[in-house]
Amino acid sequence: MIGVPARALRASDALSAGVILASLVSPPFARAVSLPEVALRELDWPPADLYLPAAARSPGIVLVLGALREGRRYELLAKVARTIAGCGFAVLVPELGRLRELVLGDDAVEDLVAAVESLPHQAGVSGGPVGLIGFSLGGSLALVAAADRRLQGRVACVAAVGAYCRLADMVTAAMSGSLAGPSAYAVVASLAATLPEADRTVVQDAIGASPDSPVEALSRIPTDSVGAQARIVLSAFGDRNAASLIEGVDGLRAVMDGLSPEAALARIDAPIWVLHDERDRFVPIAQLDAMRMAAEGRRDFRSFKLRLLEHTEPVPPVLNPVRLVGDYLPGLVNLYRFAHGPVQAVRRAVGRSSPG
């Protein structure tokens, strides 16, 4: 087994990015290489896992998971956290709001802000700005939280994989049937959470019985079994009219705007990296184009397209020369660039904030 010296990983952003990338896309590499030892500490609030390298004080990174029933112990997420920590970072993986129930709400943003504020005060963590790296809905939450005035000057960078830009577009995509099941479920479950309690229970029971086809489940709910607000939801999905839904449900417009990175991008005072797979079935690639438009004029915004991921997870290469050269190799280059940028940004930000 090949051991990678901790000192080399801390000294070289390029090497760290390469190790992170290789561990994701090459299981044989991950088994053949031994990274420096990492300790795992559980935190009570926000509920989180903190991965710590052996160094006395390490720069901080928060990994922001999306709507995932397995939560912070999802195997690939834990692997990513441990690998990044092995490169010399203190990595926090918090549970946010009701994301384990596939419900997106303001509570997830509040929990993320609290996690970012708390990380520099943990033992073994440098006191400077921290990096945010988010996946799927977590990428969108990272962008929204980074714009919060409470975190001004506390964020070194934001990196998002497979994130949406406009939540209203996700509702439209769910209505059209173009979203893969889990994403459609998260959209409908999140809408249900905004309804009065009795109606919320009816909708949640219906989609819970048909988790793979939540939009179809809505069509089977009798309109006379719910109140006025839920009837607006049922009617809008039946007519595929996102505008009538967003304007008709009390307070929904403000909630959706507040959870959409589109308006937040201009307020983020840190560099941003976003990455999206062109074939993404969970968050359409058009959301990357929307991000680019919303960030127009920012010199510290970088975006990458590739054909290498199943939403946020690498897929094995197709043993076809055309696909290898046309998709896989360029995808690896973009993944490396995406990994290198935040690693470098966090170390630089912490270096600038250190006394002397």
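User: Is the crossing of H2 and H4 left-handed or right-handed?

Analyst: A crossing is left-handed if the near helix is turned anticlockwise from the far one by less than a right angle, and right-handed if clockwise. The crossing of H2 and H4 is right-handed. One caution: this is a predicted model, where local features need pLDDT of at least 70, side-chain atom pairs count only at pLDDT 80 or more, and totals for chains, interfaces and linings use all residues. Residues are numbered from 1 along each chain as its sequence is written, and side-chain values use heavy atoms, without hydrogens and water.

User: At what angle do H2 and H4 pack?

Analyst: Axes are lines fitted to C-alpha atoms, for helices over the stretch in contact, and angles run from 0 to 180 degrees between N-to-C directions. Helices are DSSP runs (H or I, at least four residues), and strands are runs of E, at least two, all numbered from the N terminus. H2 and H4 (residues 75-86) pack at about 155 degrees, with axes 10 Å apart. They are therefore roughly antiparallel (angles over 145 degrees).

User: Which residues of H2 meet H4?

Analyst: Contact means heavy atoms within 4.5 Å. Val 19, Ile 20, Ser 23 and Leu 24 of H2 meet H4 residues Leu 76, Lys 79, Val 80, Thr 83 and Ile 84.

Technical notes. Angles under 35 degrees count as roughly parallel, over 145 as roughly antiparallel, 65 to 115 as roughly perpendicular and the rest as oblique.
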